[in-house]
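Reader: I would like to learn how to read features from a model. Please take me through one, step by step.

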Amino acid sequence: MKRSVPFEIFRYAAILAAMAVTVVPILWMVSMAFKPIGEWSATGAELTWWPKQPTLANFEFVFGHSTNDLIVALDHTALKPILSSLLSAVFGTAIAMSAGTAAAYGLSRFGSGQNLPLALIQLRLFPPMAVMIPVMIMWAFLNLNDTWWGLALIYGIVTLPFAFWLMKTFFDDMPREIEEAALVEGCSRLRVFTRITLPMMRAPLASAALFVFILNWSDYLIALLLTTREWVTIPVYMASLSSSMTGQLYGAKAALGLIAAMPPVIMGIAIQRHLVRGLTFGALKQ
Amino acid sequence: MDARTKPATRDEGARLGFRLTLPAQILVLFISAFPLLMQLYISVTDWSPLSGVGWWNAWEMWNSFANYTDLAADTRFWSALQRTAIVMLVCVPAEFLLGLALATLFADDFPGKRIFYSILLMPMMVVPAVAGYMFFMLFQSGGPVNDILSSLTGSPVTIAWLSDPTLALIAVMVADIWQWTPLMFLILLAGLVGVPEDQIKAATLLGANPWQRFVTIVLPKMKTIIIIALAIRVIENFKIFDTLYIMTGGGPGVATETISVYIYKVTTQDLIWGYVAAIALAILIVLSIVAVFAMKRMARAREVAA
C-alpha cells in the first residue's frame, strides 16, 4: 500500500518520539555507570547528561577495588551475587526445560497429563507473594534457604509453565512423518524421542531455554524472600549499595544494573521471533 | 501381524507418556497440594516463625477464624487492593492504547523498521528490578526528569517525586507503562499483521476511510488477540512488585502500597504468618474463580487462533 508523504513524516516523528522515551532512561543508566562520583549530581550541582570524565571506577568498585573517590569498603563484592544469579537461573532453566519438554512431548504425542495445561496456567496466574509462606517454611525445612540450589528449584517450578507451553506448541507444529518412519523401522518410542525428535528440535529448544533463562534472571521477589546473605542475587545485592554513611551509591548501582541488564536484552533480541509465542503461552505464533 | 503390534505400541506410548509427564506432575503437586494444605492450616492460627513452635504445632494457637474476620476489617488491606486496582486501571489501558498506536505505525514496511522494532522492545527485556533502580534515579529531585521539565518550562523544577504521595504513585505508573507498553506493542503487532490484506483492500475499494477500515475490519479481526494481550497484562499488573518496591518501598507512608507490597511487608516486618496465609488464601480463591472463567475464554481463543 502506498502511503502519503505527510503520513510518512508523521510516522517517523511518532516513532522517533517513542524511541526517545524508550532509550533515554536506559542511556541515563549507562551514563551514570561511567560517571565519577563528583558527577553523580543530585541537588545543587549541575546535571551532566554525559560523563565529562568517563571512568571505570564504578565497575572496579563493585568488584572490590576501592578508588580515591569511593573509599568505602564493601562488605561483599558483586562477584558472588553474580555467580548466584547465574547458577540459580541456569539450573532453574535446566529444571524447567527438562521437566517441561518431557511433559510437553508426553501430552503432544501420547495425550498424557491432560491436567497439566490448566494446572500450569493457574500456577502462572497466582502472585508469587500469595504462595510464598508455605514455600518459605518448606525451604527452611529442607535447608534450602539462602542457597542458589534452593532458588534454582523454585525458579524451575515457577517457569515450568512457560517451558511446557512453548515446547508443546513446537511439538504440535512439528511434522510427524519422520518419527513415524523411524517407528516403522523398529525404533522404540523413547529412542525416537531422544535420538530423532530432540536433535531435530535443537533450535526451538534453544529459544525456549533462552526465554526461560530471561525470566529466571529477571526475578527479584523470590530471591528477596529466600536469600538473605550468602547467596543473594544481583537485584537483592544492589540494595546494599546504599547506606546511611555513604548515601546512594548511584554510579555503583548503575554499573551493576548495566551488567545485570545486558544478558536478557541480548538474548531477547536473539529470540525475537519466538517472544510472542512464549508470552502468550503459544496462543499466538508470530 | 499389524493387528498384534498396534495395541502393544499404543501401550508403550501410554507408558512412555506417563513417565515423561511424571516429573512435571510431581513438581506441580509439590508446589500446589502440600503448600495449599499447609497454608489452609496456618491461616486459622496465630502462628508466626517467632512463636517458638514448629508450624505443624500451630493448632496450639488456633484462633477460630479470627484472621478472616480481621481481614474483612483491615483497612490497610482494602486500600492496598483499591490502589492495585487504580494502578491497573491506569497502566493497562495506557499500555494498550500506546501499544496499539505503535503497532499500527509498524503494520507495513518502511526503511529502518527492523532496527526501530528491536529498540522499542528493549524495555520489556530490562530486569524489572534494574528498571526500578533506573527510575529511582530518574525521579530524584536533582534528576533528569526534573531537568527536562526545567528546560521545558524555563524555570528550575525541583519536585521531590518519590516523597509526595500522589506523585510517587504517578512515578511508579510511569515506570510500569515504560516497561510494558512494548509487550502490548509486540503482541498487538503480531495480531495486526495477521489481518488479511485483501479484506482491507476490498474495503478501500468500497470507499472506506482508514478509520472506518480500522474499526470495522481490523479491530474485530483482532478481538481474541486483544483479549489475550489485556489478560496477560491484567494478570501481571495485579502482581506488581519489583519496580514499585525498589522505587518507593510502598511509601511515602502507604501511598504506593499495592497488594504484593502489603503482603511482603506483613510477611517480613510484622511476621504474622498466620494472617498472611489467610490473606493469601483469600486472594487465591478469588483468582481461581477468575481463572476458570478466563481459561474458558483462552481455550476458545486458542482454537480460533490456531
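Reader: Which residues of H4(B) are buried?

Author: This is a predicted model. Here, buried means under 20% relative accessible area. In H4(B), the buried residues are B:Lys113, B:Phe116, B:Tyr117, B:Ser118, B:Leu120, B:Leu121, B:Met122, B:Pro123, B:Met124 and B:Met125.

Reader: How do I read that for the helix as a whole?

Author: Begin with the general idea. An α-helix has 3.6 residues a turn, so residues three or four places apart point the same way. Now the case here. Ten of the 13 residues of H4(B) are buried, so this helix is largely enclosed by the rest of the structure.

Reader: What do the buried residues of H4(B) pack against?

Author: Elements of both chains. From chain A come H1, helix H13 (250-270) and helix H14 (272-279). From chain B come H3 and H7.

Reader: How do the lining residues of the second largest pocket divide by class?

Author: Count nonpolar, polar and charged separately. The lining of this pocket has 40 nonpolar, three polar and four charged residues.

Reader: And cavities? How many of 30 Å³ or more does the structure hold?

Author: A pocket is open; from a cavity the probe cannot get out. The structure holds two cavities of 30 Å³ or more. The second largest cavity has a volume of about 30 Å³.

Reader: Which residues line the second largest cavity?

Author: A:Ser85, A:Ser88, A:Tyr155, A:Asn216, A:Trp217, A:Asp219 and A:Thr233. Helix H3 (79-110) and helix H10 (202-217) of chain A each give two or more residues to this lining. By class, the lining has two nonpolar, four polar and one charged residues.

Reader: Step back to whole chains. How many helices and strands are there in chain B?

Author: Chain B has 13 helices and zero strands. The radius of gyration of chain B is 25 Å, well over the 19 Å that the globule rule gives for 306 residues, so chain B is more spread out than a compact globule. Its C-alpha atoms fill a box of roughly 90 × 75 × 30 Å along the principal axes.

Reader: What percentage of chain B is buried, and how do its contacts run along the sequence?

Author: Of its 306 residues, 51% count as buried. Take contacts in chain B between residues at least 6 apart in sequence: 65% join residues at least 24 apart.

Reader: What does chain A have by way of helices and strands?

Author: Chain A has 14 helices and two strands. Its C-alpha atoms fill a box of roughly 75 × 65 × 35 Å along the principal axes. Buried residues make up 57% of its 286 residues. Among contacts in chain A between residues at least 6 apart in sequence, 71% join residues at least 24 apart.

Technical notes:
Residues are numbered from 1 along each chain as its sequence is written. Chains are lettered from A and ligands numbered from 1 in the order in which they are written. This is a predicted model: local features need pLDDT of at least 70, side-chain atom pairs count only at pLDDT 80 or more; totals for chains, interfaces and linings use all residues. Side-chain values use heavy atoms; hydrogens and water are left out. Ala, Val, Leu, Ile, Met, Phe, Trp, Tyr, Cys and Pro count as nonpolar, Asp, Glu, Lys and Arg as charged, and the others, Gly among them, as polar. Buried means under 20% relative accessible area, exposed over 50%, partly exposed in between (1.4 Å probe, protein chains only). Helices (H or I, at least four residues) and strands (E, at least two) are DSSP runs, numbered from the N terminus. Contact means heavy atoms within 4.5 Å. The radius of gyration is taken over C-alpha atoms; the globule rule is 2.2 Å times the number of residues to the power 0.38. On a 1 Å grid over the protein atoms alone, a cavity is a set of points where a 1.4 Å probe fits but cannot get out, and a pocket is an open set with protein on both sides within 12 Å along at least five of seven lines; lining residues have an atom within 4 Å of a point. Grid points are joined across faces, edges and corners, and a volume is the space filled by probe spheres set on the points.
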